[in-house]
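User: I am new to this structure and would like to go through a few of its features. Could we take them one at a time?

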Amino acid sequence: MAAPLDDCGILMLTSQCWGKELIGRVRAKLLAELPVGAVVIDYSDNLLVLQEHQDAVGRGSVERGSVEATGSVGGGSEAGSGSGSGSGEYSFVSVCPPVVGPVSWNPAQEFHIFAKAKAEAEA
């Protein structure tokens, strides 16, 4: 968590087995430090699931601490929730559908590909 990311163009995460607190901390760091347009590749869609959950909490349509229906990350008071974290002006967008490739434990592992982007203003 100490390495600077301000000149990183492509970052590979392995968050498939990380806890939601760590994913939240990593997400906050990525939103704060990665340049706009940087690509993040991950085994899971946790960055988007957490973002969608935090957006819903911000709108009041989901209670803080609730669990996402996907069974993935959700809830708690994760870092990087937008307000107060300095990351509210940025988000992650999915670049393409998941890409499937072999890894040592799975011959058909999904890889999720995101890019850091300026957050769209709500209408």
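User: To begin with, is Arg25 buried, partly exposed or exposed?

Analyst: This is a predicted model. In the model, Arg25 has a relative accessible area of 39%. Because buried means under 20% and exposed over 50%, Arg25 counts as partly exposed.

User: And where does Arg25 sit?

Analyst: Arg25 is located in helix α1.

User: Changing topic: how many cavities of 30 Å³ or more does a search of the whole structure find?

Analyst: The search finds one. The largest cavity holds about 30 Å³ of space.

User: Which residues line the largest cavity?

Analyst: The lining consists of Leu13, Ser15, Trp18, Ile23, Val26, Asp42, Asn46 and Leu47. Helices α1 (20-33) and α2 (46-59) are the elements that each give two or more residues to this lining. By class, five of the lining residues are nonpolar, two are polar and one is charged.

User: Ser15 is in that list. Is Ser15 buried or exposed?

Analyst: Ser15 is buried, since its relative accessible area is 2% and the cut-off for buried is under 20%. Ser15 belongs to the loop between β1 (10-12) and α1.

User: What does the side chain of Ser15 make a polar contact with?

Analyst: The partner is the side chain of Ser44, at 3.1 Å. Setting aside neighbours within four places in sequence, Ser15 is in contact with Ile23, Asp42, Ser44 and Asn46.

Notes. Residues numbered from 1 in each chain as written. Predicted model: local features only at pLDDT ≥ 70, side-chain atom pairs only at ≥ 80, totals over all residues. Heavy atoms only, no water. 1 Å grid on protein atoms, 1.4 Å probe; cavity = no way out; pocket = protein on both sides within 12 Å on 5 of 7 lines; lining within 4 Å. Points joined across faces, edges and corners; volume = space filled by probe spheres on them. Helix = DSSP H or I, 4+ residues; strand = E, 2+ residues; numbered from the N terminus. Nonpolar A, V, L, I, M, F, W, Y, C, P; charged D, E, K, R; others polar. Buried < 20%, exposed > 50% of the residue type's maximum accessible area, 1.4 Å probe, protein only. Polar contact = N/O pair within 3.5 Å; in protein donor to acceptor, adjacent residues only side chain to side chain. Contact = heavy atoms within 4.5 Å.
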